[in-house]
Amino acid sequence: MNARAPRIGFLSLLLGLGIASSAACKDGQQPSSACGDRAEAPSPFADPVTVVDRYGGSSFSELGDLEVDGDTIWFCSGVIGLNAWDFSVPSNLVFLDRIDPSDGSQRFPRCQHLAVDAPGRRVYATNKASSISPQSFIVVVDASAPRALTEIGSLVLPEQVEGIAVHGDLLLAATHGAGLVVYRRGAGAELTELGRLAGLGNVWQVRASGSLAYLVDSGGALVTVDLSDPAAPTLVHRLDLPGAPKDLELDGDRAFVALGSAGVALVSLADPRAPAVVEIEDTPGSALAVAYGAGSGGLYVADWTDLRVFDATSRGAITAVGHEPLPTGNGGTSRTLGVAAADDLIFSGNWRELVNYRYHPDRRAPDLDVSPRFAALPAGAPGDTVSARLTVTNVGQEPLALNAVETSDDSLRVDDWPAGTALAPGDAVRATLRRDTPDTDAFKGWVNLVSDDPDEGRRCVPVEANQPGVAIGQAAPESSWIDRDGQSLQLATLREGGPVLLAYFATF
Amino acid sequence: MHLTYRDQGLTVLGVATGGFDESEATLDAFAEQTAVTFPIVHDSATYQLFSWPPALSPFPRQVLIDQDGVVRYLASEHRPAELDAAIREVLGLSR
């Protein structure tokens, strides 16, 4: 099975050459509001993070965990199983094969995490039977012929398995509820449980070095376990961390931990049995995965909707370099769940495509990040002036020159925009987007923030107002609910004590 | 977010709309695995009433309602920094 997925040509070519292309609203913007079709905004800087190649399509793929093995990039997809691509020519990703693991019971192939045993030419992949089913299984794939992947066995587990790691002849599994489970890897698909250590919370990822394993507990901790006796793993240390840790990567005497909404942490393993936090860098999104490029010193973070790059060459600090919003292909927000690295090559993806980036550590540039990325203005009657705050942050390494603001029509303007000034790295400026409401019609427009950002010289912010439904500035419908303990809750009563946040969710 | 601002008066409700036929066991497992600290409720009606910004996925969605019952923040994607800023603004806290 050697299908070649459709290539996104022109835009990727421009981006790959590091040219700031602003001919249309950059991928990742909300397509329902057409962004201005303008000429390029040239920059004196070269982009430190460039797109090398990308493959995507209209199908929903839900890229998750990724791992590099030689010139092969492996990734798990929640929809299309375990995938292998060749990147020996980074600008020409070549599809090798795909396998939808199953145990013969017609389970949905929700490949979640993977671990590559390069010497043994095997890949282990975890899967779930359904969205949040407590039962999951580990599939063993013969990868000796990457263009003809073969499932050679599976192990059904009562626990929900998350991250896994190959460590010598061991397979380590991070599970919800059962903690760390240690298997001996035998010939073929043989996996023999040796021991386990429970009581670690909801552990999401495991990595090992020597006789120690490190796991992240989403309850807020980095856990150190002694594997000297694999049949009796023992807890050594627990380091409290903020946020909801989901991933980690080791680099000798240090570790990088993705902390969810708390950002990313640099942890010292100078004393490997007593890790200590060195630094925490916040990220605007939710840091779900990390990868480190040893040759480039780049730390790469899957930050919910963006890829974020940090300079980690200093052993004692990590410094923001820039970000890349992951494109959505068919529009809407993306979901960036995984990242992998081969030195200066970065692999990430979203729901629709795999993207290969290159980090250029010799380049320094400004990087404009704007919040919100989509401006939903309050509802307004004719004659009303409605407003929303825009915050622009320079997440790059050089001063960001703020130039003009362009708008889709005369009803929009941006006040307090410091045109002609430079924003220092790490600094932010707040401006106010205003609209003089002419009528009650549903409105869709845009503003372009013009700067010398080499990647997004015209950063488009789609704007909507007076859309159907309850909008910002309008009264929320009074509601009542019954919680899972049978308690009655009413919005009117709840808001007497303060604001109420309704967080609509699904469990997939 | 809930733990950060709970003592300052923020109430958080996790709202399951049932759009994906999630069972009670599924919700229980989800609550346990994610260690949520706030109530989870079922509500398939109010989701349809808001003017959501366009997004590829129907979830997560967030609505922040102030003490006067006015919508102050609407999001079709989880952006912690933006949500935090909105909460702080409604609570009258400095940035």
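This is a predicted model: local features need pLDDT of at least 70, side-chain atom pairs count only at pLDDT 80 or more; totals for chains, interfaces and linings use all residues.
Colleague: How many bridges join strand 30 of chain A to strand 37?

Modeller: There are 2 bridges, and the two strands run parallel. Strand 37 covers residues 458–465.

Colleague: Now strand 22 of chain A. How many of its residues are buried?

Modeller: Count neighbours around each residue, then check both faces. In strand 22 (residues 289–293), 5 of the 5 residues are buried. Ala289(A), Ala291(A) and Gly293(A) point one way, while Val290(A) and Tyr292(A) point the other way. Both sets are buried.

Colleague: Which way does strand 23 of chain A run against strand 22?

Modeller: Antiparallel, with 5 bridges between them. Strand 23 covers residues 298–302. Ala302(A) in strand 23 is the bridge partner of Ala289(A). The hairpin has 4 residues between the strands, and Gly297(A) there takes a positive phi near 75°.

Colleague: What is the secondary structure of chain B?

Modeller: Count the elements, then follow their order. Chain B has 3 helices and 4 strands. From the N terminus they run α-β-α-β-β-β-α. Its C-alpha trace spans about 40 × 30 × 25 Å along the principal axes. Of its 95 residues, 37% count as buried. Among contacts in chain B between residues at least 6 apart in sequence, 44% join residues at least 24 apart.

Terms used. Residues are numbered from 1 along each chain as its sequence is written. Chains are lettered from A and ligands numbered from 1 in the order in which they are written. Two strands pair if DSSP finds at least two bridges between them. A residue is buried if 20 or more other C-beta atoms lie within 10 Å of its own, exposed if 12 or fewer, and partly exposed in between; C-beta atoms are placed from the backbone. Two residues are in contact if their C-beta atoms, placed from the backbone, lie within 7 Å.
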